[in-house]
Structure formats: structure tokens, C-alpha cells
Amino acid sequence: MEISVVIPVYNAEKTIIRCLEGIYSQTFKEFELILVDNNSTDNSARLIEDFISKNKGLNIHLFHEPKQGSCAARNRGARNARGKIIVNTDPDCIADKNWLKDIASAFDATPTASPLYKGGDGGVGAVAGNIYGFNPQGIIEKFLSLFTLRGLGEQKIFDRYDLLTGGFATANLSVKKN
């Protein structure tokens, strides 16, 4: 399975190296990494360029998106992706070492084997995973840990996003490119 990991980057100099180290410590190795700088005013782009120059054997690409916003940056990354699966995360996330292996397994799963599968095109179109905050302190972080970023102990299908059902954050959302 070909996977493209897309990370929009805006002023992420404090977190981007830890993020990259997490991506490259994956047990699943069949992926490309696409970083999209979104007009950072800090040293993010330079840190990424240094990381690329020190790791020449890695399948990693840096693009620039002049239109501000993570959606524009993600879309630029998706347009340049060669993988069949677009895996999104953020520059302040540190992936578990089995993150990509678990995503690949979810896309390879037989949908009819799941009690949640209700029919459709015969395949999985998107996968979202849990996101755990380091230590929610402020009101925004507490809100996110209760709703958007809460861990689910079971498989669940979301068809909408609201305060009661939660949903899927783009920091751990994967979709088929087609």
C-alpha cells in the first residue's frame, strides 16, 4: 500500500523535529512524507531543510503554499502526493510507532467483517484515529480532550461532527486519494 503523509507547517519550529522523528520511527516504512510550509515566519522551513539534508535516503518533500490556512496547505500536499492513501497529521503531533501500520491495516480490512459496515462501494474510504493530548491545562485543550480528541475504546462510524458525537480531527485523518 502506498501512503503519503501530509503535514501542513506554520510556525512550528518548537515541535516539527519531534514530529519528524516520530514519523520516521514508524514500523511501517512504505510511505512518502510531504511537508507544506504555509508562510512560516519562524525557522520551521530551515529546520525541515536541515532535516532533509541530514536524511537524504528518506522519501521526503517540502512544498510552499502561499494561501494561508491548514486546509490550503493540506490540499497542496494532497495534489503532490503519489500515494493511494493520504494520511494527515499536524506538526505538533508525535505519532505512535505503529500509527502507519494500524492505518494500513484499517484500509486493508474487509468492511463486511465489521458490524458497523452498512454497505457502499465495498471498501474503506477514510480512517480517523485517537489523539491524546499531553496535559490539557487551558480551556481550549480541556474542550478538545473531552470532545474532538477523546479516545474511543471501540470502532465507530462518524457521519457528522457536533459537540455530542465528536468527530474526526484532521491531525489523525486518512483518506483514499481517489
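Here is a short walk through this structure, from the overall layout to a few individual residues. Please keep in mind that the model is predicted.

Let's start with the whole chain. The chain has 178 residues, and 38% of them count as buried. Its accessible surface comes to about 10400 Å², and carbon and sulfur atoms account for 54% of that.

Now turn to a pair of helices. Helix α1 spans residues 16-23 and helix α2 spans residues 44-54; their axes come within 10 Å and cross at roughly 35°. The crossing of α1 past α2 is right-handed. On the α1 side, the contact is made by I16, I17 and L20, while α2 contributes L47, I48 and F51. Sorted by class, this contact has six nonpolar residues, with no polar and no charged ones.

Next, look at helix α4, residues 99-108. Which of its residues are buried? They are W99, L100, I103, A104 and F107. These residues lie on the same side of α4, because they cover an arc of only 130° around the axis. What lies over the buried residues of α4? The cover includes the strands β1 (3-9), β2 (31-37), β4 (85-88), β5 (126-128) and β6 (173-176), along with helix α1.

K97 sits in the loop between β4 and α4. Although K97 and I23 are 74 residues apart in sequence, their C-alpha atoms are 7.7 Å apart in space. Leaving aside residues up to four places away in sequence, K97 touches S25, Q26 and T27.

Helix α3, residues 70-80, brings us to R74. Is R74 buried or exposed? Its relative accessible area is 9%, and since buried means under 20%, R74 counts as buried. The neighbours of R74, not counting residues up to four places away in sequence, are V6, P8, N88, T89, D90, T170 and A171. Among them, V6 falls within β1 (3-9), and N88 falls within β4 (85-88). I86 is twelve residues from R74 in sequence, with a C-alpha to C-alpha separation of 9.6 Å.

N11 lies in the loop between β1 and α1, and its phi is near 50°, a positive value in a residue other than glycine. N39 is found in the loop between β2 and α2, and phi of N39 is near 70°, again positive in a residue other than glycine. How accessible are they? N11 is partly exposed, with a relative accessible area of 30%, and N39 is also partly exposed, with a value of 24%.

Methods
Residues numbered from 1 in each chain as written. Predicted model: local features only at pLDDT ≥ 70, side-chain atom pairs only at ≥ 80, totals over all residues. Heavy atoms only, no water. Axes fitted to C-alpha atoms, helices over the stretch in contact; angles between N-to-C directions. Helix = DSSP H or I, 4+ residues; strand = E, 2+ residues; numbered from the N terminus. Left-handed = near helix turned anticlockwise from the far one by under 90°. Contact = heavy atoms within 4.5 Å. Nonpolar A, V, L, I, M, F, W, Y, C, P; charged D, E, K, R; others polar. Buried < 20%, exposed > 50% of the residue type's maximum accessible area, 1.4 Å probe, protein only. Arc of directions from axis to C-beta. Areas by Shrake-Rupley, 256 points an atom, 1.4 Å probe, with all protein chains shown as cover.
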